[in-house]
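Thanks for asking me to look this one over. My notes are below as numbered points, to be read with the model open beside you.

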Amino acid sequence: MVPAAIAWDSIAQVVNLILLVFVVYKLLRKPAGDLVSKRQEDVASSLEAAEARLQEAEKKLAEYQARMNSAEEEAKAILERAEQAGKDASQRILEEAAQEAERLLQRAKVDAEMEREKALAAVRAQILQTAAQTAHQLVRDNLTREDQERLNRKFISEVGNQV
């Protein structure tokens, strides 16, 4: 008989367990369902928020990349302008230097010509002075008193005619 008591005991325990599960199910189904439903909504809301943040981040990333590309293009343009300005300045400096060299060359030519003229004038003056001294010496040594009087009369008559 003991086995029959065990069987009824086991059956009572199983029935109790089923009743307990049924009562717990009935009592906790709505709150647990609400809890699960709320948790699902929270997870869905978090996923949506994460998706929105991801889209915003992707949008900002695209915006930053566009800014970076724009900045790189602007930097290239600035470098090209600076390089061109440097080339222009270099060309201008070279042209100015060539013009200055030409001016200096022309001035040197003018100065050389002036020095040449001065030297020629000095040589001419020296030649004239030497010739005058030599002529004076020759006239003094070879001129007689009659020749000197004749030259004086001629000089006076020429000066008188010019006045």
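1. How many helices and how many strands are there in the chain? The chain holds 2 helices and 0 strands. Its radius of gyration is 64 Å, well over the 15 Å that the globule rule gives for 163 residues, so the chain is more spread out than a compact globule. Please keep in mind that this is a predicted model.

2. The overall dimensions come next. Taken along the principal axes, the box filled by the C-alpha atoms is roughly 200 × 40 × 15 Å. Helix α1 covers residues 2–142.

3. S70 and L17 are 53 residues apart along the chain, and their C-alpha atoms are separated by 73 Å. For E102 and M68, 34 residues apart in sequence, the C-alpha to C-alpha distance is 50 Å. Both S70 and E102 have their place in helix α1. S70 is partly exposed because its relative accessibility is 40%, and E102 is also partly exposed, at 40%.

4. What share of the 163 residues counts as buried? The share is 0%. A residue would need under 20% relative accessible area to be called buried. The accessible surface of the chain comes to about 15000 Å², and 61% of that belongs to carbon and sulfur atoms.

5. A nonpolar patch on the surface may be worth a look in your viewer. L17, L20, V21, F22, V23, V24, L27 and L28 form this patch, and together they have about 760 Å² of accessible area. One of its members, L27, lies in helix α1. L27 counts as exposed because its relative accessible area is 60%, and the cut-off for exposed is over 50%.

6. Now to the charges. There are 24 positive and 28 negative side chains in the chain, and the centres of the two sets lie 3 Å apart. Side chains of opposite charge can pair when their charged atoms come close. The count of salt bridges in this model comes to 9.

7. Which residue does D42 meet in a salt bridge? Its partner is K38, with 3.9 Å from N to O, which falls within the 4 Å cut-off. D42 and K38 both lie in helix α1, 4 residues apart, about one turn of the helix. D42 is partly exposed because its relative accessibility is 34%.

8. E83 and K87 make another such pair. The closest N and O atoms of their salt bridge are 3.5 Å apart. E83 and K87 both belong to helix α1 and are 4 residues apart, about one turn of the helix. Are these two buried or partly exposed? E83 is partly exposed, with a relative accessible area of 49%, and K87 is partly exposed as well, at 48%.

9. R107 and D111 form a salt bridge too, with 3.8 Å between the closest N and O atoms. Here again, both residues lie in helix α1, 4 residues apart, about one turn of the helix. R107 counts as exposed because its relative accessibility is 58%, whereas D111 is partly exposed, with a relative accessible area of 37%.

Note on methods
Residues numbered from 1 in each chain as written. Predicted model: local features only at pLDDT ≥ 70, side-chain atom pairs only at ≥ 80, totals over all residues. Heavy atoms only, no water. Salt bridge = Lys/Arg side-chain N within 4 Å of Asp/Glu carboxyl O. Buried < 20%, exposed > 50% of the residue type's maximum accessible area, 1.4 Å probe, protein only. Patch = residues over 30% accessible without salt bridge, like charges linked within 9 Å, V, L, I, M, F, W, Y side chains within 5 Å. Areas by Shrake-Rupley, 256 points an atom, 1.4 Å probe, with all protein chains shown as cover. Rg over C-alpha atoms; globule rule 2.2 N^0.38 Å. Lys, Arg positive; Asp, Glu negative; His and termini not counted. Charge placed at Lys NZ, Arg CZ, Asp CG, Glu CD.
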